Amino acid sequence: MTNFELTDKLKKNRRLEDHEYAQLLTTLAEKEAEYLYKSAAETAVSVYGKDVYIRGLIEISNYCRNDCYYCGIRRSNRCAERYRLTKEQILECCRRGYELGFRTFVLQGGEDGHFTDRLICDIVSSIKRQHPDCAVTLSLGEKTRASYQAYFDAGADRYLLRHETADPEHYAMLHPEELSCENRKRCLYDLKDIGYQVGCGIMVGSPFQTTEHIIEDLKFMKEFEPHMVGIGPFIPHKDTPFRDKPPGTLKDTLHLLAIIRLMLPNVLLPATTALGTIDLLGREKGIAAGANVIMPNLSPMEAKKKYILYNGKISTGDEAAEAVQNLKKRVSDIGYRVIQARGDHISV
Ligand code: SAH
């Protein structure tokens with residue numbers, strides 16, 4: 001089959017055979033890639049229209065008990081300047097974000113013991129009290145089912161937890177022994193079972209990643225049926241063991257965004273900050289390949305400068321208000337519009 005036919009087949013059946021995924025991932029000529037992106041963008045428009053949802057990202061802490069080899073805020077990085085936000089600071093970010101039109105707040109951070117379940121529940125319920133029309137998304141790593149349940153009962157709506165790779169051996173190459181692929185997946189299934197809208201995802205071009213791994217990731221996504229998928233290129237951080245590993249590419253990320261959109265037509269799919277970091281127009285290109293979410297940073301300036309997962313992260317100096325104005329213009333320049341809404345998953 002040609003790559004045009006494979007794209008049509010994926011659009012129709014929402015899945016492909018392994019060797020067909022491999023062909024689509026590795027042999028696309030320029031015209032074929034354009035057709036794949038266009039098909040994916042049309043699919044997104046058929047479900048969500050030309051609306052792009054924005055999520056206000058608040059980076060609450062860069063303390064982390066984990067030691068993931070790729071991540072700039074890993075515990076053994078002595079060069080990272082650590083910080084954590086207070087509840088008041090987080091609520092202040094939400095107030096500012098609300099004025100700017102955000103109706104989803106994403107609280108992301110390292111696994112920081114200072115943020116006990118009680119504190120997290122208190123923060124979540126305070127946000128929901130002050131902004132009942134907003135969704136709260138958490139991205140705070142691996143917890144027990146009881147903890148996830150407590151946050152949900154406190155009002156959290158969504159949870160982002162990239163599975164990073166669906167292959168246990170590859171997982172072990174990216175993480176120290178105490179972390180396992182199995183537990184990561186257990187967390188995802190617990191979250192879904194509790195009733196969250198759940199996001200999984202991977203870094204594109206992470207060290208040692210093969211095409212076979214990516215195919216496994218796609219099949220895991222198909223089976224898990226997440227509401228959201230977060231993917232962005234791996235970008236090395238100078239103070240990690242992967243400092244000399246090559247970054248993931250724009251092309252591979254766009255291919256994968258488009259394939260994921262065709263596979264899961266209703267998925268909420270962000271054009272990530274990492275994508276905007278490896279290419280100045282990365283996020284626009286992501287939308288043109290099927291993405292429909294952007295997550296601008298609402299963290300206070302000091303936090304933004306210290307929450308460094310990888311080098312070269314964009315917008316570390318922007319004021320949130322300015323960044324949103326900019327973004328609205330850039331999105332409308334490509335024929336889409338930024339929407340002031342919670343932007344929940346459309347489940348059909
Ligand atoms: N502690 C939370 C949040 C992690 S940061 C958790 O465990 O989910 C969010 C995501 O950033 C990670 O899941 C990872 O996929 C991505 N990330 C980390 N380091 C990165 C790097 N060097 N390049 C690109 N993405 C990275």
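## Thr277 and its contacts

Leaving out residues up to four places away in sequence, Thr277 touches Ile235, Tyr310, Asn311, Gly312, Lys313 and Ile314. The model described here is predicted. Thr277 itself sits in helix α11, which covers residues 273–278.

Is Thr277 buried or exposed? Thr277 has a relative accessible area of 19%, so it counts as buried, since the term applies to anything under 20%. Tyr310, one of the residues that Thr277 touches, is 33 residues away from Thr277 in sequence, and their C-alpha atoms are 9.7 Å apart in space.

## The ligand

Ile235 is in contact with Thr277 and is also listed with the residues closest to the ligand. How many residues surround the ligand? There are 17 of them, and the closest are Tyr70, Gly109, Arg162, Glu164 and Ile235. By residue type, this shell is made up of 10 nonpolar, 4 polar and 3 charged residues.

A backbone N or O atom of Ile235 is 2.7 Å from a nitrogen atom of the ligand. A backbone N or O atom of Gly109 lies 3.0 Å from a ligand nitrogen atom. For Glu164 the side chain is involved: one of its N or O atoms is 2.5 Å from an oxygen atom of the ligand. On its own the ligand would expose 550 Å², and the protein buries 91% of that area.

In soluble globular proteins, nonpolar side chains tend to be buried together. In this model the largest nonpolar core has 97 residues, and Leu138 and Ile260 have the most contacts inside it. Helix α10, residues 250–263, supplies the largest share of this core, with 9 residues.

Which residues does Ile260 touch? Apart from residues up to four places away in sequence, they are Leu218, Met221, Val229, Ile231, Val267 and Leu269. There is also a second, separate core of 10 residues, and Leu57, Leu268, Met295 and Ile339 are among them.

## Buried threonines

Thr137 belongs to strand β4, which covers residues 135–139. Its relative accessible area is 2%, so Thr137 is buried. Not counting residues up to four places away in sequence, Thr137 touches Thr104, Phe105, Val106, Leu107, Arg158, Tyr159 and Leu160.

Thr7 is placed in helix α1. With a relative accessible area of 0%, Thr7 is therefore buried. When neighbours within four places in sequence are set aside, Thr7 is in contact with Leu24, Tyr35, Leu36, Ser39 and Leu262.

## A buried glycine

Where is Gly97 found? Gly97 is part of helix α4, residues 87–99. Gly97 counts as buried because its relative accessibility is 0%.

Gly97 and Gly56 are 41 residues apart along the chain, while their C-alpha atoms are separated by 6.6 Å. Leaving out residues up to four places away in sequence, Gly97 touches Phe102, Phe105 and Leu298. Phe105 is also touched by Thr137.

## Arg145 in helix α6

Arg145 lies in helix α6, which covers residues 145–153. Is Arg145 buried or partly exposed? Its relative accessible area is 34%, so Arg145 is partly exposed.

Neighbours within four places in sequence aside, Arg145 is in contact with Arg186, Asp190, Asp193 and Ile194.

## Positive phi in two loops

Arg14 has a positive phi of about 60°, although it is not a glycine. Arg14 is in the loop between α1 (3–13) and α2 (18–26). Arg14 is classed as partly exposed because its relative accessible area is 42%.

Glu225 is not a glycine either, and has a positive phi of about 50°. Glu225 is placed in the loop between α9 (211–224) and β8 (228–229). At 51% relative accessibility, Glu225 counts as exposed, a term used for values over 50%.

Key
Residues are numbered from 1 along each chain as its sequence is written. This is a predicted model: local features need pLDDT of at least 70, side-chain atom pairs count only at pLDDT 80 or more; totals for chains, interfaces and linings use all residues. Side-chain values use heavy atoms; hydrogens and water are left out. A residue is near a molecule or strand if one of its heavy atoms lies within 4 Å of it. A polar contact is a pair of N or O atoms within 3.5 Å; within protein, one must be able to donate a hydrogen and the other to accept it, and residues adjacent in sequence count only if both atoms are side-chain atoms. Accessible areas come from the Shrake-Rupley method with a 1.4 Å probe; for residues, only the protein chains shown count as cover. Ala, Val, Leu, Ile, Met, Phe, Trp, Tyr, Cys and Pro count as nonpolar, Asp, Glu, Lys and Arg as charged, and the others, Gly among them, as polar. A nonpolar core is a set of buried Ala, Val, Leu, Ile, Met, Phe, Trp, Tyr and Cys residues joined through side-chain atoms within 4.5 Å. Buried means under 20% relative accessible area, exposed over 50%, partly exposed in between (1.4 Å probe, protein chains only). Helices (H or I, at least four residues) and strands (E, at least two) are DSSP runs, numbered from the N terminus. Contact means heavy atoms within 4.5 Å.
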